[in-house]
Amino acid sequence: MTDFNDREKAFETKFARDEEMQFKVIARRNRLFGLWAADKMNLSEVEAEAYAKDVIRADFEEAGDEDVIRKVLGDLTGAGIDIDDATVRQELEHKEVEARRHFIESLD
């Protein structure tokens, strides 16, 4: 019975660690995505950091990525940047790969 309890505890610990890592990856992805959009809008370094934080906060509005995409796409088009939904989604995917790479490299 102790072996079963130990296995259960190990799975719970792994699940919690995986969830925490996923949260960190998504937060980093959103920050990188915000910095990318800020660069497109020619924001200053201080404005870019503040904007990246706004993008991270936008992700808490609803489940999934639509809230982040909607914010960034709206802000870019509002700033007069000619960009489409597909390009924004593709960049979000690229930033997720970059964020995952960062955490994988930090584990080495």
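Residues are classed here by relative accessible area, with buried meaning under 20%, exposed over 50% and partly exposed in between (1.4 Å probe, protein chains only). The structure is a predicted model, in which local features need pLDDT of at least 70 and side-chain atom pairs count only at pLDDT 80 or more, while totals for chains, interfaces and linings use all residues. Residues are numbered from 1 along each chain as its sequence is written, and side-chain values use heavy atoms, with hydrogens and water left out.

Aromatic pairing was examined with a rule by which rings of Phe, Tyr and Trp (its six-membered ring) pair if their centres lie within 6.5 Å, planes under 30 degrees apart counting as stacked, over 60 as edge-to-face and the rest as tilted. The count by this rule is 2 aromatic pairs. In one of them, the ring centres of Phe23 and Phe60 are 6.3 Å apart and the planes stand at 35°, so the pair is tilted. Helices and strands are DSSP runs numbered from the N terminus (helices H or I, at least four residues; strands E, at least two). Phe23 belongs to helix H1 (residues 2-40), whereas Phe60 lies in the loop between helix H2 (45-58) and helix H3 (66-78), so this pair ties together parts that are 37 residues apart in sequence. Both Phe23 and Phe60 are exposed. The rings of Phe33 and Trp36 have their centres 5.7 Å apart and their planes at 5°, and the pair is therefore stacked. Phe33 and Trp36 both lie in helix H1, 3 residues apart, about one turn of the helix. Phe33 counts as buried because its relative accessibility is 0%, and Trp36, at 15% relative accessibility, counts as buried too.

The structure holds 12 salt bridges, a salt bridge being a side-chain nitrogen of Lys or Arg within 4 Å of a carboxyl oxygen of Asp or Glu. One of these is formed by Arg29 and Asp65, whose closest N and O atoms are 3.1 Å apart. This pair links distant parts of the chain, with Arg29 in helix H1 and Asp65 in the loop between H2 and H3, 36 residues apart. Arg29 counts as buried at 0% relative accessibility, whereas Asp65, at 31%, counts as partly exposed. Arg29 and Asp65 are also linked with Glu96 and Arg100 in a network of salt bridges.

A salt bridge also joins the side chains of Glu62 and Arg70 (3.0 Å, N to O); Glu62 counts as partly exposed at 35% relative accessibility, and Arg70 is partly exposed with a relative accessible area of 46%. The side chains of Arg89 and Glu66 meet in a salt bridge at 2.8 Å, N to O. Because Arg89 lies in helix H4 (residues 85-107) and Glu66 in helix H3, the pair ties together parts that are 23 residues apart in sequence. Arg89 counts as partly exposed at 28% relative accessibility, as does Glu66 at 35%.

Within H3, Asp67, Val68, Ile69, Val72, Leu73 and Leu76 are buried. H3 is followed by Gly80, whose phi is positive, near 85°.
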